[in-house]
Amino acid sequence: MISSLSKTRITQEKTVSDSTGFLPYGRQWIDEEDINAVISALRSDWITQGPVIQRFEQAVAEQCGVTYGVAMANGTAALHAACVAAGIGKGDQVITTPLSFVASANCVLYCGGMPVFADVRSDTLTIDVAEIEKRLTAKTKAIIVVDFSGHPCELDEVRTLGKKHNLIIIEDAAHSLGAFYKGKPVGGLSDMTTLSFHPVKHITTGEGGMILTNNFEYAERLKRFRTHGITRQREYFQEVDQGPWYYEMIDLGYNSRITDFQCALGLSQLEKLKKFVEGRREIAHCYQEGLGELQEIQLPIELPTVRSSYHLFPIRLQMNQLKKTRREIFQELQDCGLGVNVHYIPIPWHPFYQKLGYQKNQWPVAEAAYEELISLPIWPAMSGNDVDRVIQSLKKVVANSKK
Ligand SMILES: *Cc1c(COP(=O)(O)O)cnc(C)c1O
């Protein structure tokens, strides 16, 4: 009972998994080209603050149809930098989704601002624009949207709302590099778009991140953020230039730099982005074909305006048709060697947020989704056999859990 697509799915390179091994929910795909690229960078004069960083920034920006890219140590630093560049500070409110990784909201707290969570749409689990409107106040300064699972949110509607209320739009695109919205690549569609290059994401630099923007002023602030708020450019000096050694610290920045050898890996990975995204889409297609008939689970959808890059493949258990709990089903899938996961525990449910005063039961759609979600393994180097194993295991577990 091997689905036709998974049977024909070919990965020329040797895959890292086999038909009995553990399948994580996501993982990197590193080949010899990548390794050689890192080695050459290590043999060069610069292993950090050198020329490969800018080459990587330009290549990502070009791929995403946007003017500036500013590389960072990780995606979390990219979000922090974006909030600082947006001028978020004490007393400012920033609306974001509860159904994301904690970094999407923590970046607001880093700046002394207050995250305000707006519920998600039930179909795509991306932020619901009508819910954003309900949460607007005079203190709202920005919106951080997340392209959950690789499916871009309603970017036009968010941008229109942002214009109307003079809000800055930050798009956390950690899941959606390589995705398209109304035919345009993710990256240049918001005031600032942040990426992560963690190994489970579309391309990796080990740890790494980037902010993409068409705004020169933001790009300049982001570059200063990553290097202590220091500038060596005379046009920014506030005092008299004291000599060739002179620099000024004009903002409070950090050290959020990425290295040249990481960017060398990133450049080499970027060449394979299309292949990686195609691989993910092919696996998603296999899952749709192999699991589409199961009444007991709901599969992720793709709106006609969108081409998802499937960072995740989150299924939803239809609990009213199942006699087992999500926890039991999750455990049985793990026992089959599937590295299933849950994305995400609602951010305001975490003890730190609870202590800040956030209450549960304010986001019925996201909170109900959380109780039913399980992410299946999806990464481009999965073999046809791996994909088929996921399908057959899930079918078996669901068959044994039916009411
Ligand atoms: C991975 C991720 C981040 C953080 O990226 P790091 O590179 O791990 O710091 C932020 N937001 C979302 C939605 C993510 O998935």
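The following exercises, with worked solutions, concern a predicted model.

Residues are numbered from 1 along each chain as its sequence is written. Local features need pLDDT of at least 70, side-chain atom pairs count only at pLDDT 80 or more, totals for chains, interfaces and linings use all residues, and side-chain values use heavy atoms, with hydrogens and water left out.

**Exercise 1. Determine which residues of helix H7 are buried and what they pack against.**

Step 1. Helices (H or I, at least four residues) and strands (E, at least two) are DSSP runs numbered from the N terminus. Buried means under 20% relative accessible area and exposed over 50%, with a 1.4 Å probe and protein chains only.

Step 2. In H7 (residues 155-165), the buried residues are Leu155, Val158, Leu161 and Gly162. Seen down the axis of H7, they fall within an arc of 130° (taken from the directions from the helix axis to the C-beta atoms), so they line one face of the helix.

Step 3. Thr160, Lys163 and Lys164 are exposed on the face turned away from the buried side of H7.

Step 4. With contact taken as heavy atoms within 4.5 Å, the packing partners of the buried residues are helix H6 (129-135) and strands E4 (140-146), E5 (168-172) and E6 (180-181). Just after H7, Asn166 takes a positive phi of about 60°.

**Exercise 2. Describe the largest nonpolar core and the surroundings of Leu376.**

Step 1. A nonpolar core is a set of buried Ala, Val, Leu, Ile, Met, Phe, Trp, Tyr and Cys residues joined through side-chain atoms within 4.5 Å.

Step 2. The largest such core has 61 residues, and those with the most contacts inside it are Tyr287, Leu291, Ile297, Phe313, Ile315 and Leu376. Helix H10 (273-291) is among the elements giving two or more residues to this core; its eight residues are the most from any element.

Step 3. Leaving aside residues up to four places away in sequence, Leu376 touches Tyr25, Tyr287, Leu291, Phe313, Ile315, Val340, Val390 and Leu394.

Step 4. A second, separate core of 26 residues includes Val70, Ala78, Cys83 and Ala103.
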